[in-house]
Every structure is written in structure tokens, then in C-alpha cells.
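Visitor: I have a model open here and would like to talk through a few details. Could you walk me through it?

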Amino acid sequence: MKFTDMELSSELLEGISALGFEIPTPVQGEVMPFLLGSRRDMVALAQTGTGKTAAFGLPILQRLRLDDATPQALILCPTRELCMQIARDLRNFSSCLPKVKVLAVYGGADIRPQLASLSHGVQIVVATPGRMVDLLRRKKADFSRIERVVLDEADEMLNMGFEEDLETILSNVPDEAQTLLFSATMPREVAKIAHKYMDKPEEITVGTRNAGAENVVHEVVVVHAKDRYRALRRIVDVSPDMYGIVFCRTRSETQQVADKLGKEGYNAEPLHGDLSQQQRDRVMKAFRERQVQILVATDVAARGLDVNDLTHVINYNLPDDLNSYTHRSGRTGRAGKEGISISIIHMREHYKVQRIEKALGKKFRERRVPTGDEIIRVRLMNLAEKVRDCKVVTGPVDNHIDEFCSILEDLSVEEVIKRFISIQLHHAINYYRSAPDLNEEPERHESRGSRKPGRDDRERHDGGKRMPSMVELVMNVGRTNGLTPKKLISLLNVADRDSSVDVGRINIVNMQAYFEVPRADAQGVIDSITRSHLDMGGRKVGVAIAGNTRGRPAQSRGPNRPGPSSFPRKRQIEKRNKKQKRRSGS
Ligand code: AMP
């Protein structure tokens, strides 16, 4: 179906064609023919960003009595920003109909100009519920000729506590007015409003109930809670062309994250309720115009912000309710474009993801926090593409290029490239030089792969960080017994030929060796070493959990088990070594 197949005036067709609308979106294809042909109430389950405004706006404009300057349609929405956006859209759709008067009335702004505009005559009022009730109380709004009432983002309005205001408004419009309700989700409270104020409404569902936008990929990264910010940084760093919103739970967290990003050179701004309306307007304008790349926002402050083409939504913290998740992720993947919603969680929040998955009917894709090396690679390739596609500036540069080149003439092309890269990516290269892996591994290990200590282990050494799911074991033989990392690995392989274990950080001291294995494999390693009666430089090899001299696993106990004195704590050894050094020095 095309717009031209619908009963729309040539002026409206011209108006939307100027906006580039050619084919109706699914919600428009469903809702518009119904509204153009029927006066019955309607409930539409539709996500944000699906073209809802035109779906109800065009039929409203089509039916407007242009010579009558009293309000004929009332559109209620949750926020000032959405209110202004809807009014702007309606004005754009009716750009060829100069007699159409649309007024946005919302809180947080001087009421006097709004009252003045209302008294000059308008046909469509777009309002936030609180301000609308205010106007009604002042008896400044004549609703006697209202024919259509739209409740846009009804679930959000109820979430924000506007239930009472909605009831007041709805009881002030004529009974015969057609009521249209749009909601991304259908919680009980919305169904209650629909039941109370609507007469056998037509139900239209576009997409699945409660489902996020179809073309949104939901991803999750699992990190230690203290690594949340570092994980966010890496996600941003690996997506150089990101244009997105980072959702936080509280105003202070929003401010902190935005401040940190700002200090570290990211183009990020906060948006939350502690900012003045003026500050919020400035930030939203800058974000809309893409002067700001990353908006760090609370759910409430971001409501109604209509920005298209978001590449990413990042949940710095998962929201407690599904509605908020749906609204957040609905801000990406708009107008047919693919979007990504990434949630940063820690191990104990898996249940939240499962709850959302169940309600959405969609699986989250588990994604790893990128390593430093991956980030550097992406940044390099991005830079290469930028260089390749860059439009070369001429003019003033040409006058100095020879002199410029003469300074570099002793360098090879490769050297010059490397130096430009160093200048361009200096910060990222230094930051990620020995960055640790941030991924929190699941406790269960379905498959156990053999691995020699390699580069990753060295990176972990450098970073000085133990993989969160690894546990440190101590072996009662060390350098004096001829133990090397290679020999340690082969001891483990000899002890258990049937399975292979990932070995993390290895630290061999004179009489002991410390090494990491996945927590899930620790007991198996202890058991197999104990069973194998291995010998190293004349000493029977024993192993236990490091720093666990008292509560050592029972399996390692036996006639030949290493006694407590064989397993001093690492700190004790260091202390003893220091003492010995001091003594020998004196
Ligand atoms: P909405 O859900 O009304 O906020 O619309 C989301 C975005 O899609 C807005 O930027 C609209 O301008 C755009 N849009 C709505 N309908 C169409 C259409 N039929 N063709 C192209 N873009 C559209």
C-alpha cells in the first residue's frame, strides 16, 4: 500500500513527500486506513520510532475542520520533548496547509505564552498531562468540540504517575470523542484505562506484543561490577562511529559516568533531572544535531527524546522493569535500520537478563568485552579507512607541503605512517598496552581446552589482574627442584592425560610454584596430582589451593601430603625472603 492509495489530501501528500515519506511503515499501514474510515476507539501496541506520529497525525489532519479554530484533537504524551516533537511533526506534515494551527503545551515552561496561543485559536493541542490539567483548572481550554484524543506512549505516562491527570482530562472531553491509545507495552494499568475510557476499541498490534523493535540485536557483556566503567569504555572504543545513549539508573551515576567520559576525551554529555530545563534543552539539541556523540541519561530524562539512527543503546545498568528496557532499546533500530542494545551486567544479574529474554521472547547474544588488542585493531582500520576516504584539502596547504616533506625526507613511508598512527592513536595505544581481560567467565566450563601459557597470560601478568573465575593453586616444588613453567604444564598433562586444563598466571619461586586454573577445574587438578604420585627432583609433588593451608581440600590429605609448612602463604614467603635479604645485607 502507498500513501497515495489512502484517503489523504494532495496537500498532506505533498507535505509528507517533502519529508521523504514514500512507503507507509507497518504501523501506518495498519492504523491509517482504520482511522481514516472509522470513528471507533482504537488501542495500538506499537514501539517507539515506528512511525506512530504520522499514523495518528495524518488522519487527524485529514479530518480537521480548518475554518474552525477551536481544539478538535488533543494529543497527550509523557514528556515536554515528545510534546514538542509531535507538534513539530504535525506542522511538517501540514506544511502545505497554512490554516492548521498546532500548539504544544508542557510543563517547565512559562504558561503565559501557551495561554495566549490557546486564546488565539488552535485546532490541535499536544500536551503533557500535568500542564493540561493546569489549563483545565484555569478554565482556559475549551474541550467541548474535541473529536479525537490520542494517548501516546500510554505506558510511559502511567509509569510516570500521570494516571490521575489522565482520568481528569479524559472525563473533561466529550463522551463521543474517539479515543486512540498507543503503547509499546500493555501492562495492567494501561488495560485498565482502555477498559474504563474506551468503547469496544479496535485492537491493532504491530509486531509481537512486548517485543523490542525487530531489528534490534540484544547483547550482554558480563564483567565484575567494579569493571563496569572500563567495559563501557571498551565498548565505546571498539565502535568509533557510535552515536548512542548510555542509560544509567540514577542521576548521580549518570553525572559521574558522563564526567569520567568527558575527562577522558569522549564527546559525551549527561542528561538527567538535576540539570535545569535550559541545560537539558542545550544537551538534547546538541545530541540531536550530532555535536554530542554519547548521551549519558536516566530513563526519565531521555523519555520523549526523538533521535533517529542511534547506532547503540548501552545499558550501564539494567532497568528493573521490562517497560524501561523496551523503551530504551526501542531508541535504536528505528525506521528499518539495525541497532544494538548492549547491557553491561555482572554475574549475579544473569537472572535479570533471563527475565527480559522471557518477556521479549528474544535471546540476548553474549558478547565479550573487547581486548585491548581488538580495540587497537579496530581503531587502526578505522583510521586507515578515514585516510583512504578523506577529501584532501588543498589551497593553503599546497604552499607549505614541500617544506613539510623536507622535514620528513629521512623517514621511510612506513616510518611516517607509524608516526602518524602514534600521534593519532597515542592515547588508546598507551591505555590498552597491557590492559587485562575484563570478561567475567561463567562458573561452569562445558569444554576444557588445552593451552600452554602464552601471550594472554603475559598480558594478565602485566595487568597484574587475576581472571575472576580463576583460582590460584600452590605446588610444593619450585625453582630449586628444577621446575619451569613448561615442566609445570607437563606435570599437569602427565597427571591427567584425559583432560586438559587452561592454565593462567604462573609464578615459580624457590620452593613453591603458584599457578592459576579455572575454579571449576581446581579440585580435579588437585585430585589427579595427588593420585599420580609424581616426583620432581626427588620430592613428591603435591598441590593445594593457595592461601588455604587450613581448609585444604580433603583429597590432598594423605600420608605424603605436603604438610602446612610446605605450603606457606605467599605473603609469608615474601616476608621471609625480605628478612633473609636484610640479614645477609647486614
Ligand atoms: P515516530 O515513531 O513517529 O517518531 O517516527 C520515527 C521516525 O521515522 C521519524 O523520524 C519519522 O520522520 C520517520 N518516519 C515515519 N514514517 C515514515 C515513513 N513512512 N517513511 C520514512 N520515514 C518515516
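Visitor: Which residue stands opposite Ile-506 in E17?
Guide: Bearing in mind that this is a predicted model, the residue in E17 that stands opposite Ile-506 is Phe-515.

Visitor: And how many bridges join E16 to E17?
Guide: There are 3 bridges between E16 and strand E17, which covers residues 513-518, and the two run antiparallel.

Visitor: What order do the strands of that sheet take?
Guide: The sheet is open and has 4 strands, arranged as E16-E17-E15-E20 with antiparallel pairing. Its edges are strand E16 (506-508) and strand E20 (543-545), each of which pairs on one side only. On average, and with direction ignored, neighbouring strands of this sheet are turned by 30° against each other.

Visitor: Which helices pack on it?
Guide: Helix H20, residues 485-495, packs on the sheet and touches strand E15 (470-475), E16 and E17, with its direction at about 115° to that of E16. Helix H21, residues 519-532, also packs on the sheet, where it touches E15, E17 and E20, and its direction makes about 125° with that of E17.

Visitor: Switching to the surface, which residues form the nonpolar patch?
Guide: The patch consists of Val-393, Val-397, Ile-401, Phe-404 and Phe-420, which together have about 450 Å² of accessible area. One of these residues, Ile-401, lies in helix H17, which spans residues 401-407.

Visitor: Why does Ile-401 count as partly exposed?
Guide: Ile-401 counts as partly exposed because its relative accessibility is 34%, and that class lies between the limits of 20% for buried and 50% for exposed.

Notes. Residues are numbered from 1 along each chain as its sequence is written. This is a predicted model: local features need pLDDT of at least 70, side-chain atom pairs count only at pLDDT 80 or more; totals for chains, interfaces and linings use all residues. Side-chain values use heavy atoms; hydrogens and water are left out. Patches are made of residues with over 30% relative accessible area and no salt bridge: like charges are joined within 9 Å, nonpolar side chains (Val, Leu, Ile, Met, Phe, Trp, Tyr) within 5 Å. Accessible areas come from the Shrake-Rupley method with a 1.4 Å probe; for residues, only the protein chains shown count as cover. A salt bridge is a side-chain nitrogen of Lys or Arg within 4 Å of a carboxyl oxygen of Asp or Glu. Buried means under 20% relative accessible area, exposed over 50%, partly exposed in between (1.4 Å probe, protein chains only). Two strands pair if DSSP finds at least two bridges between them. Axes are lines fitted to C-alpha atoms, for helices over the stretch in contact, and angles run from 0 to 180 degrees between N-to-C directions. Contact means heavy atoms within 4.5 Å.
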